[in-house]
Each structure stands twice: as C-alpha cells, then as structure tokens.
Amino acid sequence: MCNYYMIGLTSKDYVSALKMEESMAGVLVACSPACAIIFCIITSFWTNYTFRHPFLLTNFCIMLGNIVYMVAYDLDSAFLLFFGRFCIGIGGARVINRRYIVDTVSVKQRTRISTIFVASGALGMALGPLMGGGLSSINTSIGFLTLNKFTTPALVWVVLWLITFLMALFFFKEPEYRLERATMGKIET
C-alpha cells in the first residue's frame, strides 16, 4: 500500500510538470486501484492453481510500473505516467496474499495473521506519503535519468520490488497440499 500512496503529495505537481490539467492528478491516483479491481478477479482465479506464478507476475508488473512511472518524467509522456500507475495496479491486487492466508494458515491463527496483514496495509497507506515527502528534496540526475520528488520514490520501489521478486523467484515454494493436488491431477489424466 505504501507504493500506492507514495504519489499522494506529488501527483498534482507531476501532472503539471507534464503539461496536463491539475485535475488529472485524481485520475492518476485512481489508476492503480481501478486496475487492481480488474486484476483481482484474474489473480483470484489463477490462485486456484498456483500462488507462485501470479505472485511473480504481479511483482514484475509493480517493478515495471515503477520504472515506467519514473521515466515518464524524462520522456515527458503523460501516457507513460498513467501506464506506469496501471501496471502498479496489476500488481496491487492483494487477493493473492489474502488467498494464501486463507489456504495456508490454520483457522486458529487466521484472524491474527489477517489482522497483521490489514494493519501492515494501513501502515503502508500512512508511510507512502511520508516516504514520498522524505524523498522530495532530492534533485539530481544519474546519466539520462532525472531523480527528483517525482521519480526518486519510484526508483526506491523498483529496488525494493526487485529484492522481493528475486526472493520469491528463488525461495517461494508452493504449499505442500497444492503440490499433492497437482501430482494427483497428473496421475488421474
């Protein structure tokens, strides 16, 4: 949720910097949640079969979205700005996490774990604008890439999501009951 809300303080200025009406800031902020609504249906269905693949895809989409959101400034592209937030929305469908909790956590522990998950999301909502504000004083460039109050939070998130992606790629294992079900399905066919 932190990645969703990091643009809260700068969205109006970012759309203005790309020569759009300030009112488009609301559309920019709404891009990710609107996309998440659509993709939560797809990822929810997909998690009937696997957690690993939808989780890796959504992580990749969030990374890609942050990269696109970041380079939109240097390329002066409103399309890329909105497309970046759209990609972040693909990855923002937290239904995979909720489904994983329901499918793998015991009934006795489920309420506690779900509470931690929801509280973490609320914390992310609060920390997103704080993070964006804390990085707003940066104004430099690295090669062709401008690092400023619009692009630096996205760069930070690219790095964090890359770490998450690599950890999931190398260490995430499907729950045992899913592997057993998949094996049984292969034997029956």
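# A guided look at a predicted helical chain

Mentor: Welcome! Let's begin in the loop between α4 and α5, where aspartate 76 sits. Please keep in mind that this model is predicted.

Trainee: Thanks! Is aspartate 76 exposed, partly exposed or buried?

Mentor: A residue is buried under 20% relative accessible area and exposed over 50%, with partly exposed in between. Aspartate 76 has a relative accessibility of 41%, which lies between those limits, so aspartate 76 counts as partly exposed.

Trainee: What is the phi of aspartate 76?

Mentor: Most residues other than glycine have a negative phi. Aspartate 76 is not a glycine, yet its phi is positive, at about 50°.

Trainee: Lysine 19 also has a positive phi. In which loop is lysine 19 found?

Mentor: Lysine 19 is not a glycine either, and its phi is about 65°. With a relative accessible area of 65%, above the 50% limit, lysine 19 is exposed. Its place in the chain is the loop between α2 and α3.

Trainee: Let me step back to the whole chain. How many helices and strands are there in the chain?

Mentor: Read along the sequence, the pattern is α-α-α-α-α-α-α-β-β-α-α. Counting the elements gives nine helices and two strands.

Trainee: What does the C-alpha trace of the chain span along its principal axes?

Mentor: The chain has 189 residues, of which 39% count as buried. Among contacts between residues at least 6 apart in sequence, 74% join residues at least 24 apart. Along the principal axes, the C-alpha trace spans about 60 × 35 × 30 Å.

Trainee: Now for α3. How far apart are the end C-alpha atoms of α3?

Mentor: Helix α3 covers residues 24-46. At 1.5 Å a residue, its 23 residues should span 33 Å. The model agrees with that expectation, because the end C-alpha atoms of α3 are 33 Å apart, that is, 33 Å.

Trainee: At which residue does α3 bend?

Mentor: The bend in α3 is about 35°. Proline 33 follows within four residues of the place you are asking about, which is cysteine 31.

Trainee: Which helices do the buried residues of α3 pack against?

Mentor: First find the residues: in α3, Ala25, Leu28, Cys31, Ser32, Cys35, Ala36 and Thr43 are buried. Their packing partners are α1, α2, α4, α5 and α6.

Trainee: Let's look at one of those partners. At what angle do α3 and α5 pack?

Mentor: The axes of α3 and α5 are 7 Å apart, and their crossing is right-handed. The contact includes Val27, Leu28 and Phe39 of α3, and Leu81, Phe82 and Ile88 of α5. By class, this contact of α3 with α5 has twelve nonpolar, two polar and one charged residues. The packing angle is about 35°.

Trainee: Which helices are included in what covers the buried residues of α5?

Mentor: Helix α5 has 14 residues and reaches 21 Å from its first C-alpha to its last, close to the 20 Å expected. Its buried residues include Leu81, Phe82, Arg85 and Ile88. What covers the buried residues of α5 includes α1, α2, α3 and α4.

Trainee: And within what distance do the axes of α3 and α6 come?

Mentor: α3 passes α6 in a right-handed crossing, at roughly 35°. The contact is made by Cys40, Thr43 and Ser44 of α3 with Val95, Ile96 and Arg99 of α6. Those residues of the contact of α3 with α6 divide into three nonpolar, two polar and one charged. The axes come within 9 Å.

Trainee: How far apart in space are valine 27 and glycine 134?

Mentor: Valine 27 lies in helix α3, and at 42% relative accessibility it counts as partly exposed. Valine 27 and glycine 134 are 107 residues apart in sequence. From C-alpha to C-alpha, their separation in space is 24 Å.

Trainee: One more: how far apart in space are isoleucine 113 and glycine 143?

Mentor: Isoleucine 113 lies in helix α7 and is partly exposed, with a relative accessible area of 25%. Leaving aside neighbours within four places in sequence, isoleucine 113 is in contact with Ile101 and Val105. Isoleucine 113 and glycine 143 are 30 residues apart in sequence, and their C-alpha to C-alpha distance is 44 Å.

How values were computed: Residues numbered from 1 in each chain as written. Predicted model: local features only at pLDDT ≥ 70, side-chain atom pairs only at ≥ 80, totals over all residues. Heavy atoms only, no water. Axes fitted to C-alpha atoms, helices over the stretch in contact; angles between N-to-C directions. Left-handed = near helix turned anticlockwise from the far one by under 90°. Contact = heavy atoms within 4.5 Å. Nonpolar A, V, L, I, M, F, W, Y, C, P; charged D, E, K, R; others polar. Expected span 1.5 Å × (residues − 1). Bend = angle between axes of the 7 residues up to and from the residue. Buried < 20%, exposed > 50% of the residue type's maximum accessible area, 1.4 Å probe, protein only.
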